[in-house]
Amino acid sequence: MEARLNVNGKAVKVEFAPEELLLDTLRNHGFTEVKSGCKEGECGACIVLLNGKPINSCLTFTAAVLEEDKLLTVKGIGNLHEPHVIQQAFVDIGAVQCGFCTPGIVLASYALLKNNPRPSDEEVKKAMDGNLCRCTGYVKIVEAVKLAAERLQKK
Amino acid sequence: MKNINWYYPVSLSETSSLLEKESVVIHGGGTNLSGRDLSSVEGIICLKHLGLDSVKLNDETIEIGATSTYADVVKALPPEHILVKCLKNAANTPCRNKITLGGSIAFVPTWSDLIAALLALDAKLILAGKNQGELSLEDYLAKKDLYKKNLITAVKFKNIPHRSAHYRDAKTVNDMALFSVTVLLELDADVITSAKAYIVGTKELITRLPEVEAYLQGKAKADIDEKVIEDLVNVEIIGSRITDPDYMSLKAKIQTARTIISALEGD
């Protein structure tokens, strides 16, 4: 099958098998920042934002993503040279250990802060309920999200 | 691997015609289908263009489109509604953004946080396709095979004032429930006028507790003896993840009593 996906604000022409999952299609087309973890919707490494909402790309058929749907990967919010406030907060706090879970967690944070600019610790934890960090660095992650919230408030 | 055709119908009549084909499955949110063996599937019907994702709320009834997600429902209904209590902690955030009500009703997993709440609300399904019309959820679940060529387009129920509580027994907060207890009460002042209690994850999958319901009828919180409720709950909790069924069955007794008290306290 062929389709035109909107990824990070750009139209991307993709080819994929009918039963192919969005995770594989994105990675096959260079979006390797989307990580492949448990492949059953538990770990959140493959999270992308679909129309602003975090979803597991491992539980999403590419064929079910429509041309008008907007996909966002972690590289769509910022990059090495121009990091997003959330990405910078993760670096500053030291919330990145092995880094495998980080793209999904940053995107979950991004979606949270868009809807709730001043989350409590509990609300941050709740928003991360679909993300597992195998290095178990959760304390720093919560701190980083809170710092990002604070910095975004001042902007 | 045989080729799978994707269909994107734009009307219910087109969907109904597609459902007559052999070996087609319906795609709502896709969370269940994506983990399934699709080797015998020839076609997938995607519901995204049908506009079945609205939640209509008025004083009399609540009608939820089949492709509304758990997150949509949690956002649209008041926080004290039984469906919100049941769905807000189901699965995890990205999954709640994908799992649809229609898909959950069609598949009914053993860890379902949805089905007991809908049964307690006497929910009706609106079906399109071969046997189109309205049908009680109870009848649908009893004769699911009859409705294989049907599409659930919406679920509706009365908008009744109620108190409720939902307990999910899981190893971690975002794990699938090993069993769950769902209680819906209607009260006149402090007195229970109607009680519905269910345990999901039993040998029968869903067990209603009529003896418990009868015991609660006409009582106020002060008249309720948790020990009596525990004695009235006799269910077998089973499942591949259950290592000690006797312990879990005992736990179900205790948690049923606590869930009822929690509902009365308005937690």
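**Strands, pockets and the A–B interface**

Q: Which residue stands opposite A:E2 in β2(A)?
A: A:E2 is set across from A:E15, which belongs to β2(A). This is a predicted model, in which local features need pLDDT of at least 70 and side-chain atom pairs count only at pLDDT 80 or more, whereas totals for chains, interfaces and linings use all residues. Residues are numbered from 1 along each chain as its sequence is written, chains are lettered from A and ligands numbered from 1 in the order in which they are written, and side-chain values use heavy atoms, with hydrogens and water left out.

Q: OK, and how many bridges pair β1 and β2 of chain A?
A: There are 6 bridges between β1 (residues 2–7) and β2 (residues 10–15) of chain A, in the antiparallel sense; two strands pair if DSSP finds at least two bridges between them. Strands (E, at least two residues) and helices (H or I, at least four) are DSSP runs, numbered from the N terminus. With 2 residues between them, β1(A) and β2(A) make a hairpin, and in its turn A:N8 has a positive phi of about 55°.

Q: Which turn residue has a positive phi in the hairpin of β3(A) and β4(A)?
A: That is A:N51, with a positive phi of about 50°, in a hairpin that has 2 residues between its strands. The antiparallel strands β3 (residues 47–50) and β4 of chain A are joined by 4 bridges, and A:V48 lies opposite A:I55 in β4(A).

Q: Over to chain B: what is the strand order in the open sheet of 5 strands?
A: The order is β4-β5-β8-β6-β7 of chain B, and the pairing is antiparallel. At its edges are β4 (55–57) and β7 (133–136), each of which pairs on one side only. Within this sheet, β6 (residues 124–129) is joined to β8 (residues 150–158) by 6 bridges, and B:I126 faces B:A154 of β8(B).

Q: And the 3-strand sheet of chain B, parallel or antiparallel?
A: It is parallel, an open sheet in the order β1-β3-β2. Because β1 (5–7) and β2 of chain B are the edge strands, with a single partner each, one side of each has no neighbour in the sheet. Strand β1(B) is joined to β3 (residues 43–46) of chain B by 3 bridges, and B:Y7 stands opposite B:I45 in β3(B).

Q: Switching topic, how many residues of each chain are in contact across A and B?
A: Chain A brings 25 residues into contact with 26 of chain B, where contact means heavy atoms within 4.5 Å. The chains bury about 2,100 Å² between them, 57% of it on carbon and sulfur atoms; buried area is the accessible area (1.4 Å probe) that two parts lose on being put together, summed over both.

Q: What about pockets: how much space lies in the largest pocket?
A: About 1,200 Å³. A pocket is an open set of points on a 1 Å grid over the protein atoms alone where a 1.4 Å probe fits, with protein on both sides within 12 Å along at least five of seven lines, and lining residues have an atom within 4 Å of a point. Points are joined across faces, edges and corners, and the volume is the space filled by probe spheres set on them.

Q: Which residues lie nearest its centre?
A: Of its 48 lining residues, B:N32, B:L33, B:R36, B:G103 and B:F107 are nearest the centre. The elements giving two or more lining residues are β2 (24–27), α5 (101–107) and β8 of chain B, and α5(B) has the largest share, with 5 residues.

Q: And the second largest pocket, which residues are closest to its centre?
A: Among 19 lining residues, the closest are A:L112, A:N115, B:A71, B:T93 and B:N97, and the pocket holds about 770 Å³ of space. Elements that supply at least two lining residues each include α3 (102–115) of chain A and α2 (70–76) of chain B.
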